[in-house]
Amino acid sequence: MGNPVKILSAEVARKIAAGEVIDRPASVIRELLDNSVDAGAKNISVEITAGGIEKIRVVDDGSGLSKADLAVCAHEHATSKIERETDLLRLSTLGFRGEALASIAAVSRLSITSGGWNMRASIVEDHVITPCTPVNGTIVTADGIFENFPARRVFLKRPASEATACRAIFLEKAIARPDIAFRLKIDGKDRDIFRAGQTHAERFRTAISATEPPELFREISLSSDDDSWQFTLVIGTPDVSRSSKKDIFVYVNAHRVQEFSLVQAIEYGAQGFFPNGTHPAAALFVQMRADLLDFNIHPAKREVRFKDISALHHALSTATRDFFKSYTLKELVGSENERSQAFFPRALGNYGTQYEEDYPEDASENAESALYSGFERSVSKDIDTQLKAMSKTAFSSRDYDFASHRFSANPSFSSQKSAKGSEMRAIKSVSSDKVSPAGISLLARLAAADDDFRYIGAALGTFLLAEKNSTLYIIDQHAAHERILFNAIMENAGEKQPLLIPLQLKTQSDEEDDYLESVKTELADAGFELERAQDGWLIKSVPIRYKGNELDFYEDIVKKHVEPSQILYHVAASTACRAAVMDGDIVSPSKAEEIARGALELKDPHCPHGRPVFHKLTRAELFSLVKRT
């Protein structure tokens, strides 16, 4: 009949139970730090020796334990956090099950000092209490992890690897509570020190050892209308990118949790702003009403069950995307009121150099004001009135050859150039009390110029160079064209072209069929009409600009299981990418100028996959590069 059923001994049962909570030294640190935080500590110190295998010591200044507490604290399910079943519905502490100290005592030699008492517990000792020198707070020491459990000890890694895991747990606990001071010592040497009272952004940036400057990390906060939840998101700008998601932390009520949907919400919000498959660095801190979630589903409280996460998911994704949109417009496009700080010296070519030193850094957007600031601050009010009146005269930048710094032989200018000598000499005649009529005529036309865009040419087979507002733009021709096409596709979203011969799409599993069935409406909105066939699907129509085939559709949409709300975006992005000019393509000058001009008019100068469309260098930055003052 086989082996009979029997009751395990208390020792074996304790070790099995301990294995659910304590599987390595880092687990001990996790449980002890939770207890210290729950005790209201403001300063917490962790010391480990040999990766925590030989010794772990946690010292805090929390409320401590009485002698009566010490007498029972390492028994199974001994806790001060809950008393009745209903308490599980309103948990506000990190620990609550009463398993931590009992599990640590089952696999190590546990010592706890608090007040004037010391308690020792292990497999061979059961709550031995002795008097000692009084201490404030609590000192917990765990020696010889798994030394009485050889079967588990052989699976521990090298001390250096265990120390790395211990530090990872220490950091995730420190990130959650920037109001608490934390210190970590490894083999007698300070490894990490965090002062109390930091902001979430300061603590997060320090904890992940970010090399990017502090100003690239921002905090976003939002709360629900009914106050059932609120969150603070610390996130790096697109300049802070990571090759993996390891620097995305999610905390719910101060617990670090593995919650895919919230990581997904951050990723959705960042979509289109991080290029080449990179990810943001972020830490999300959610505070939610206790009765709306359940932590009692995982021994280490790594997972949480939400009553309803949809509103939080949507708010987080939207807030993240709104942040990146506003940041992009501010940093790459700049203010709509931003204008050249040295337009006239550039436009006047060689003649302008004598006025450069007098031209102010904060020239007004108003061209006439810039004119006065650049040439003469004391021009009389009547001349100012005259200039404003004459500035209404149309002026075309094509009349000026910026390459040779001279005007063309346009008849409308040739006669004026011959009157009273050249206009340039007239400009030089500006004095403190009078501007010559000829000078006013030319300068007014310059002031009224409404388009100082100049396409320069192509470079290195990939980039387009253009000048605008005394700024040099280095434009990625593929990214720019891709974004322009993407915007056009999105403007005509839903327009479709029927196929005379439908594309035949073969799926690989029932799961893929179920996915396509669930997103048929969203695909139709994007321009794809699908119909079930005997051995797959028929694609009967595609978006009007679609350039792919059935294999492209499978790779772009089906294989990735794109979220319904993101289907239109993905289709537009892949279509634009395939249709755009590629790196190395030879583009006609007229087409190149069209792309360059369009790139500088983009409201969001990123390609759909997140790469910036251009890099800009101001005149001042270029001067600095060549050490010119």
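Trainee: What makes residues 619-625, where Leu-622 is found, helix H22?

Mentor: Helices are DSSP runs of H or I with at least four residues, strands are runs of E with at least two, and both are numbered from the N terminus. Leu-622 lies in such a run, helix H22. This is a predicted model: local features need pLDDT of at least 70, side-chain atom pairs count only at pLDDT 80 or more, and totals for chains, interfaces and linings use all residues. Residues are numbered from 1 along each chain as its sequence is written, and side-chain values use heavy atoms, without hydrogens and water.

Trainee: Why is Leu-622 called partly exposed?

Mentor: Buried means under 20% relative accessible area, exposed means over 50%, and partly exposed is in between (1.4 Å probe, protein chains only). Leu-622 has 32%, so Leu-622 is partly exposed.

Trainee: How do you know that E19 and E20 pair?

Mentor: Two strands pair if DSSP finds at least two bridges between them. Strand E19 (residues 463-468) and strand E20 (residues 471-476) have six, in the antiparallel sense. Phe-463 stands opposite Asp-476 in E20.

Trainee: What makes E18 and E24 edge strands?

Mentor: The open sheet has four strands in the order E18-E19-E20-E24, with antiparallel pairing. E18 (454-459) and E24 (614-618) each have a single partner strand, so one side of each is left without a neighbour in the sheet.

Trainee: How do you know that helix H16 packs on the sheet?

Mentor: Contact means heavy atoms within 4.5 Å. Helix H16 (residues 477-491) touches E19 and E20.

Notes
Axes fitted to C-alpha atoms, helices over the stretch in contact; angles between N-to-C directions.
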